[in-house]
Amino acid sequence: MKYAITDIETTGSHASGNSIIEIGICIVEDDKIIEEFHTLLNPGVVIPPYITALTGIQTHMLEGAPSFEDIAEELAQIFEESIFVAHNVNFDYSFIKAEFDAVGLKFNPPRLCTIKLARKAFPGLRSYGLGNLCRDLEITNDAPHRALGDARATTTLFYQSLARISDEDLKKLLHRNSTENFLPQHIERAVYDAIPERTGVYYFLNSAGKPIYIGKAKNIKKRIRSHLSSGSLGSAKHQGFIKETHSFRFRETGNELIALLWEDAEIRKYWPAYNRAQKAKTNYYNIITYTDQKGYNRLAVHKGKFASGIIKSFTSSYAAKNWLLQLAERFQMDLRLFGVDTGWNENELPSPPDHNIILDEALVAIQEEAESAILVNQGKTKGEVCFILIEKGLFQGFGFVPYDTPISTIDEAKNYLEKIPVTEVNQSIALSLLENPSSWKKIKVPNLETSIE
């Protein structure tokens, strides 16, 4: 086989909005370098100071250099029928592919990553960065952070690694759909292999073990692979995401709806950097009760976050005020005590005791009318069921119980309940389930005097 062992220097850390300023290639065949290619490239922009500090390449050095378009045909011939090899191969590949795309040429060679190769050949090293590997393996690099110098050092690493792995391991690494090719450099194959192909919630973790992304999936392993392999390799977001990913964590739920509930709760708990949807600000309009200075118990619309213990919550001011209007009309209460401007009204307000009695009766009636139910479905295994508890119209949480364990009352459900904060997402799900249980078995239960705390 012929290998094109490649290294590039660039104007930035991702292909989107950045360019190649130097490329070095060692063509390897029959255990020897048969050809080398090296050139500086003019990107048509000023080189950032930190890139000059790292590589020594200055803007004036590139003034007479060719553009990528000038050498594209020659590079295409070099890479033709070769396996593309690089240290952290997807980084180099993303830049070169973007440059080829810009001039209308295809670039999709089989790839081999020398980080993955070195991990198999030299397990247990403290770091697999090229500089550290050169130190640990006593590889000479006369020009670090320059394309040809790093390409030559990578070639030596390539030889040393091949000598220590089997042909079967090499074939696996070269397979286009190999797990090794899309996994971030910090993650061992065994970590990915342990991920289940079942329903649940998954976490991408950084080096400190903190979530940087949380998602849900019917097939956790398939979805994680999709994140890693189908994203835009050249985008700043994807490059940052891959670089920060050091491990995975997961929780099986057995049920997609439970996965949705847990995902929502965990995202709101950790606010991971790469989750966006739940970070959008949502306004909540809660119906609250309070006693004014004259002794009237009053209701009002309060804009704020969803919280437990409220009378009612809405996502629009109109819906909240409309609910107050209907309540006042039903129980013949004066809207002026609900903070609703009704214009000129010459009628006297009822006395505080008279008003408070009617309001108390109205709130009790609303509480009694709110439905309580336990909704049951298949759990993570055939030997268990999952349930969602809704009390007096409010989502309380979910749980898992053995298949032969009865849960027909709120108290029985409480023994297995995993309570999570009420949000507009899980409250909306709860109300939808009450109206249309679909595949869920709905067990109506009587309301208790006190709610679950």
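Author: We shall discuss the sheets, the helices beside them and the nonpolar cores. Please keep in mind that this is a predicted model.

Reader: Let us start with the open sheet of 5 strands. What is the order of its strands?

Author: The order is E3-E2-E1-E4-E5, and the pairing is mixed. At the edges are strand E3 (32–40) and strand E5 (111–113), each of which pairs on one side only. On average, neighbouring strands of this sheet are turned by 25 degrees against each other, direction ignored.

Reader: In which sense do E4 and E5 pair?

Author: Strand E4 (residues 83–86) and E5 are parallel, with 3 bridges between them. Ala86 has Cys113 in E5 as its bridge partner.

Reader: And which strands does helix H3 touch?

Author: Helix H3 (residues 89–102) packs on the sheet and touches strand E1 (2–10), strand E2 (20–29), E4 and E5. The direction of H3 makes about 80 degrees with that of E1. Helix H4 (residues 114–121) lies across E4 and E5, and its angle to E5 is about 50 degrees.

Reader: Turning to the largest nonpolar core, which residues touch the most other members?

Author: That core has 52 residues, and those touching the most other members are Tyr3, Ile23, Ile25, Leu75, Phe79, Ile96 and Leu112.

Reader: What does Leu112 touch, leaving out residues up to four places away in sequence?

Author: With that exclusion, Leu112 touches Tyr3, Ile83, Phe84, Val85, Ala86, Val89, Phe158, Leu170, Leu173 and Leu174.

Reader: A change of topic, then: strand E12. Why is E12 described as largely enclosed?

Author: Strand E12 (residues 373–378) has 5 of its 6 residues buried, so the rest of the structure largely encloses it. Buried here means under 20% relative accessible area.

Reader: Which strands does E12 pair with?

Author: E12 runs antiparallel to strand E13 (residues 384–391), to which 6 bridges join it. These two strands form a hairpin, and 5 residues lie between them. E12 also pairs with strand E16 (residues 441–444), again in the antiparallel sense, over 4 bridges.

Reader: Where does Ala373 stand in those pairings?

Author: In E13, Ala373 has Ile390 as its bridge partner. In E16, Ala373 stands opposite Lys444.

Methods
Residues numbered from 1 in each chain as written. Predicted model: local features only at pLDDT ≥ 70, side-chain atom pairs only at ≥ 80, totals over all residues. Heavy atoms only, no water. Core = buried A, V, L, I, M, F, W, Y, C linked by side-chain atoms within 4.5 Å. Buried < 20%, exposed > 50% of the residue type's maximum accessible area, 1.4 Å probe, protein only. Contact = heavy atoms within 4.5 Å. Pairing = 2+ DSSP bridges. Axes fitted to C-alpha atoms, helices over the stretch in contact; angles between N-to-C directions.
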